[in-house]
Amino acid sequence: MKRFFSLLFLIPVLTGCSGNGATPPASTQSASSQEVTVSWQASRESAVNRTGGGYTIYYSSQPGAALSAATTVVIPYVSGPSTPTSTKLTLPVGTHYFRISAFSSLGGGTQSEPSAEIPVTVP
């Protein structure tokens with residue numbers, strides 16, 4: 001299986017946390033969850049960045065969880081020069097463990113090996 005990329009960068013951004021005492025909208029923050037922006041390094045493989053390509057995000061509250069037991073989010077190529085490399089997720093408070101893989105429709109469908117696991121703590 002071809003490896004489409006080697007590094008995963010997750011950048012958690014908690015929305016609605018302005019520090020000025022303002023109350024954020026209920027859709028972005030509650031006592032038990034936060035909206036987090038997850039982003040990663042783009043694949044340079046052309047097949048990932050055209051119709052039939054994209055990324056799969058896997059996350060779990062358990063470290064080392066099997067991919068089949070993880071929550072998955074598929075980020076498909078839609079249009080333009082490349083597939084999006086970020087998405088927003090609303091996650092419960094706690095630590096979540098992320099992995100990501102790239103996929104394409106070449107050869108009946110190929111998927112890269114998942115990245116190394118990255119922990120993200122939602123306060």
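The legends below describe close-up views of a predicted model. Local features are given where pLDDT is at least 70 and side-chain atom pairs at pLDDT 80 or more, while totals for chains, interfaces and linings use all residues. Residues are numbered from 1 along each chain as its sequence is written, and side-chain values use heavy atoms, with hydrogens and water left out.

View 1. Strand E2 covers residues 33–39. Helices (H or I, at least four residues) and strands (E, at least two) are DSSP runs, numbered from the N terminus. Seven of the seven residues of E2 are buried, so the strand is largely enclosed by the rest of the structure. Buried means under 20% relative accessible area, exposed over 50%, and partly exposed in between (1.4 Å probe, protein chains only). Ser33, Glu35, Thr37 and Ser39 point one way from E2. Gln34, Val36 and Val38 point the other way. E2 pairs with strand E5 (residues 86–92) in the antiparallel sense, over seven bridges. Strands pair if DSSP finds at least two bridges between them. Serine 33 has proline 92 of E5 as its bridge partner.

**View 2. Two aromatic pairs.** The whole structure holds two aromatic pairs. Rings of Phe, Tyr and Trp (its six-membered ring) pair if their centres lie within 6.5 Å; planes under 30 degrees apart count as stacked, over 60 as edge-to-face and the rest as tilted. Tyrosine 59 and phenylalanine 98 are stacked, 5.2 Å centre to centre, with 25 degrees between the planes. Tyrosine 59 belongs to E3 and phenylalanine 98 to strand E6 (residues 94–104), so the pair links parts that are 39 residues apart in sequence. Tyrosine 59 is buried at a relative accessible area of 14%. Phenylalanine 98 is buried at 1%.

View 3. The structure has one cavity of 30 Å³ or more. On a 1 Å grid over the protein atoms alone, a cavity is a set of points where a 1.4 Å probe fits but cannot get out; lining residues have an atom within 4 Å of a point. Grid points are joined across faces, edges and corners, and a volume is the space filled by probe spheres set on the points. The largest cavity holds about 50 Å³ of space. Its lining includes Tyr58, Tyr59, Ser60, Tyr97, Arg99 and Glu117. E3 and E6 each supply at least two lining residues. E3 gives the most, with three. The lining divides into six nonpolar, two polar and two charged residues. Here Ala, Val, Leu, Ile, Met, Phe, Trp, Tyr, Cys and Pro count as nonpolar, Asp, Glu, Lys and Arg as charged, and the others, Gly among them, as polar.

View 4. Histidine 96 is found in strand E6. Its relative accessible area is 5%, so histidine 96 counts as buried. The histidine 96 side chain reaches the backbone oxygen of proline 92 at 2.7 Å. Serine 60 lies in E3 and is buried, at 13%. Serine 60 and histidine 96 are 36 residues apart in sequence and 5.5 Å apart in space, C-alpha to C-alpha.

Conventions:
1 Å grid on protein atoms, 1.4 Å probe; cavity = no way out; pocket = protein on both sides within 12 Å on 5 of 7 lines; lining within 4 Å. Polar contact = N/O pair within 3.5 Å; in protein donor to acceptor, adjacent residues only side chain to side chain.
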